[in-house]
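Subject: Structure for your review

Dear colleague,

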Amino acid sequence: MQQKSFLLQFNEKWELIAGGRNMMIVVIAATHLSSENRIMNARTINRIELVCRAARFGLLLALGVLALSALFATGAAVKTDNRSNPNAVSTDATSLKPPDKGQIPVAFLISDGAVVIDFCGPWEVFQDVMIPGREEMPFRLYTVAETKKPIRTSGGMQIVPDYTIQNAPPPKVIVIPAQSAPSPAVLEWVIKSSKTTDVTMSVCTGAFVLAKTGLLKDKSATTYHGAFGRFATQFPDVQLKRGARFVENGNLATAGGLSSGIDLALRVVERYYGREVALKTAYNMEYQGEGWMNPDSNQAYATSLVSTPEHPLCTVCGMDVDPKTAPKSVFRGATYYFCSEDDKKTFDAAPDKFITAIAPRSALSGSSN
């Protein structure tokens, strides 16, 4: 009974040492001696006792070795983080430090044709962030343009910029949506301001603006899936990542098209204030997308659709076209259709390079005939 009590105590201590792990231990149980065995002579009993003691010692030694092994294994590592999931974003190495006091200035660079969701999506994210125990909103948002002239965005919305590039407060975050071609002065403002930003981010074809600054040279980036071909042709020194919801490079970040900007903005919130705050922000917005937690979640766009006689597409942007009325070009015996004359000019300028740039393809095959 004393031996049994000792083993029970050992097992209790073992559970503590092993950190509650489930382990199966094969134990040899002793049975009661039958009445016949009890009449064995003393010499035989002594031999049995010796064998039992040796067995008990071996068992305790084995348990001790197992306990030490479990103890070392427990202390060694089961430390897990987001790096264990190749699709997850690592939050440790890329965290951003918010200011001890005051707000984080966020500049939205806009011009004519700025796509509304590209900048209003991130705007909504940043304006909805709330930090427990803090009355002041953590982000201060403002629009910046080359001049104070009212801007017509996509769909006809009119916006009067808060600041010009000459008098805008120094931003810690810059958001660059899809918009008209930037002037040299605007590009210079982005270059200069990005020297002190925590994040300079583009959304959709805003990546073209960021790439024109040269800041993305020899770095990876993404953009709107319908612009992959144009981007790869125009910026061969930038590694285009198809199928990425967003791409981060130091203080530079690029998002895919349209709603991808919401995810990149939530990712920025997470980098500043942690995942719980970002989750709460998404919840308050009734936003159920989870792309901000997985930068590779745009795999639906990893390969581009291709035009077929039954389903012709614009070779440049991938949109549906009517072959009866759409502009078209013939290259190496194949006919390519376009949704606009501008896209046709883009293709005609370097068709061989463009065809190479728009690969890889998916199954909707080659060109329409």
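C120 is partly exposed, with a relative accessibility of 29%, where buried means under 20% relative accessible area, exposed over 50% and partly exposed in between (1.4 Å probe, protein chains only). C317 takes part in no disulfide, the nearest cysteine sulfur being that of C339 at 3.4 Å, whereas a disulfide is defined as a pair of cysteine sulfur atoms within 2.5 Å; C317 is itself buried, at 17% relative accessible area. By this rule the count of disulfides is 0.

Please note that this is a predicted model, in which local features need pLDDT of at least 70 and side-chain atom pairs count only at pLDDT 80 or more, while totals for chains, interfaces and linings use all residues. Residues are numbered from 1 along each chain as its sequence is written, and side-chain values use heavy atoms, with hydrogens and water left out.

As for the rings, the structure holds 12 aromatic pairs, counted when the centres of Phe, Tyr or Trp rings (for Trp, the six-membered ring) lie within 6.5 Å, with planes under 30 degrees apart called stacked, over 60 edge-to-face and the rest tilted. One of them, F139 with Y273, is edge-to-face, at 6.1 Å centre to centre and 85° between the planes. Because F139 lies in strand β2 (residues 139–145) and Y273 in helix α7 (residues 260–273), this pair ties together parts that are 134 residues apart in sequence; helices (H or I, at least four residues) and strands (E, at least two) are DSSP runs, numbered from the N terminus. Both F139 and Y273 are buried.

Best regards
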